[in-house]
Amino acid sequence: MFLSTNKCEGIGECIKICPTEAIRLINGKAFSCITCGACFEACPNQAIFKNRYGGYVVDRAKCNGCGVCEFTCPVDSIHIENGVTKGICARCGICVDSCPTNSRIDGFDLIEEKQLNFLKSLNLAIPTLNESKSIKSNVKRNFVGTDYEKCILCGRCEYYCPTKAIDVNIDQYGVCTECRVCVDVCPADAIENGVIDHDKCVLCLNCLKSCPNNAIEANDFEVDIIKPNNEITGSIISCLNCGLCADNSTTGALKQVNGKMRFDPSINFEGLKTNLNTSEFDNELLDNILDDAFDINDTKDDMALAKELLKVEKDSETINKKSIDGCPVSTLKESSNIEIGLTGYCVSCGKCVKVCDKQNARKFLSVEWDGSVSEDCISCGICSELCPKDAITLKRGTIEVDMEKCILCETCGIHCPVDAIPKTTMAKKHISDGFNLIDNKLCMNCKLCYRICPEDAIIDREDIGMMVVDDNKCIYCGACRNACPAKAFIFEREFEDFNEQIINK
């Protein structure tokens, strides 16, 4: 909740600016809704929901003005005017900015005991505090990572990774990256420092077949290595060892044991067989699809086999879908071998560290985070929206992170549009497109979206009494939607995958 200190002089600027009329004067001090959630629990129409700021918002499309919330409110803050429910704090925080005496503060910044003492001093009903602040001050994760200052993007680590947990994407295809795989596979020791000794070369073509970047060519009974004209550029992304895929595993085949990823393909395959036995397929649809490929009169056995193969392929794609979709860096993938099941999870074997013996760019690392973000934070809410552990609550210009829940999967940092959240990976997902429209039937014209938009993409059309979105400026960050106390935004966004950006170059 937002509180007023003894410096409050009752000027009332916070009352004037509050978009939900959730602040009033009591004994000359500004007092607001205590965000206890009693209205949320009591609403028979489920028209009140908790937003990502930790406040509560009325969905006017569902609210019928029955007044149950008004009678339930322990501090008599809620009131209904012309069918519109007001007096519920959405925790937007603009009251703090508007106070001329700096006497408004965020209760998140106080310890729980001080909050309770403040409420007791006002002789108010004390709400049940189901959640307390995290005891942990930070969160730590061990993983095998990359020193980007040393890495030359050769791809040697990717080539030798036994679980394919490393993805190296470079902009220059068909040129030597100095990965030295050709040196490793040459049976005649004919390659040194990226040069082929034609006197030693026996033309086995093993180097040509093994080159990860197709940088070796054969011409007139000689093989040569194609050198790049410019410095190799691109990215390297590897499994973060965050354990999110294990948390999402529906078969239990993926686990994190003593901080290291482990996978049992037998458990995964048993889960696949169970799915096969319970799956139902549209046989008529399959018949239509396969008619062109088989003569039904002569090859009924082939048809049955094809259907089983299609069934296996379909189920193998869906049984691990939750784990794959949840991987924050998209290294986790379905294996082409059904009996293996998955690839792309790091087992911390250290093979990549050993083979990176010249640059020494791959290392066993440890990262810690205390939940702090840079001043670039625009309170857009993407981090809170996408956090798979619901560990993030928005604050104006920053975030509150529950360290008991956070697993340092870096989903928040990967999706942050302004890079305000620190991350160790080069993976980045940008907003590629979206849709943003204000439903003026629901809009309260509180102008909160106008004040909070970091891109000045909300236009206050005073001539028609409406708020309008400027599509040319909107970056679809969602700050307006998260702050709106009337749920008046019709909003969608799409993220462009980092790997797709590399492919499209």
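Me: How many aromatic pairs does a search of the whole structure find?

Reply: Three of them. Bear in mind that this is a predicted model. One of the pairs is Tyr 159 with Tyr 160, an edge-to-face arrangement with 5.0 Å centre to centre and 80° between the planes.

Me: What makes Tyr 159 count as partly exposed?

Reply: The class comes from relative accessible area: under 20% is buried, over 50% is exposed, and partly exposed lies in between. Tyr 159 has 37% relative accessibility, so partly exposed is the label it gets. Tyr 160, at 22%, is also partly exposed.

Me: And Phe 263 with Tyr 345, what kind of aromatic pair do they form?

Reply: A tilted one, at 5.4 Å centre to centre with 50° between the planes. Look at where the partners sit: Phe 263 belongs to strand E17 (residues 260-263), while Tyr 345 is in the loop between strand E19 (342-343) and helix H14 (351-355). They are 82 residues apart, so the pair links distant parts of the chain. Phe 263 and Tyr 345 are both buried.

Me: Zooming out, what share of the contacts with a separation of 6 or more comes from residues 24 or more positions apart?

Reply: That share is 67%. The chain has 505 residues, 45% of which count as buried, and its secondary structure comes to 19 helices and 26 strands.

Me: Which residues touch the most other members in the largest nonpolar core?

Reply: Among its 27 residues, those are Trp 369, Cys 383, Ile 392, Ile 399, Val 401 and Ile 421. To see which elements build this core, check E9 (139-146), E20 (362-369), E21, E22 and helix H17 (448-452): each supplies at least two residues.

Me: How do strands E21 and E22 pair?

Reply: In the antiparallel sense, over four bridges, with E21 covering residues 392-395 and E22 covering 398-401. Ile 392 stands opposite Val 401. Two residues lie between the strands of this hairpin, and Gly 397 takes a positive phi near 80°. Beyond its neighbours within four places in sequence, Val 401 contacts Trp 369, Gly 371, Ala 391, Ile 392 and Cys 406.

Me: Which side chain makes a polar contact with the side chain of Asp 167?

Reply: That of Lys 333, at 3.2 Å. Setting aside residues up to four places away in sequence, Asp 167 also touches others, including Glu 158, Ser 235, Ile 237 and Thr 331.

How values were computed. Residues numbered from 1 in each chain as written. Predicted model: local features only at pLDDT ≥ 70, side-chain atom pairs only at ≥ 80, totals over all residues. Heavy atoms only, no water. Buried < 20%, exposed > 50% of the residue type's maximum accessible area, 1.4 Å probe, protein only. Contact = heavy atoms within 4.5 Å. Polar contact = N/O pair within 3.5 Å; in protein donor to acceptor, adjacent residues only side chain to side chain. Pairing = 2+ DSSP bridges. Core = buried A, V, L, I, M, F, W, Y, C linked by side-chain atoms within 4.5 Å. Phe/Tyr/Trp six-rings, centres within 6.5 Å; stacked < 30°, edge-to-face > 60°.
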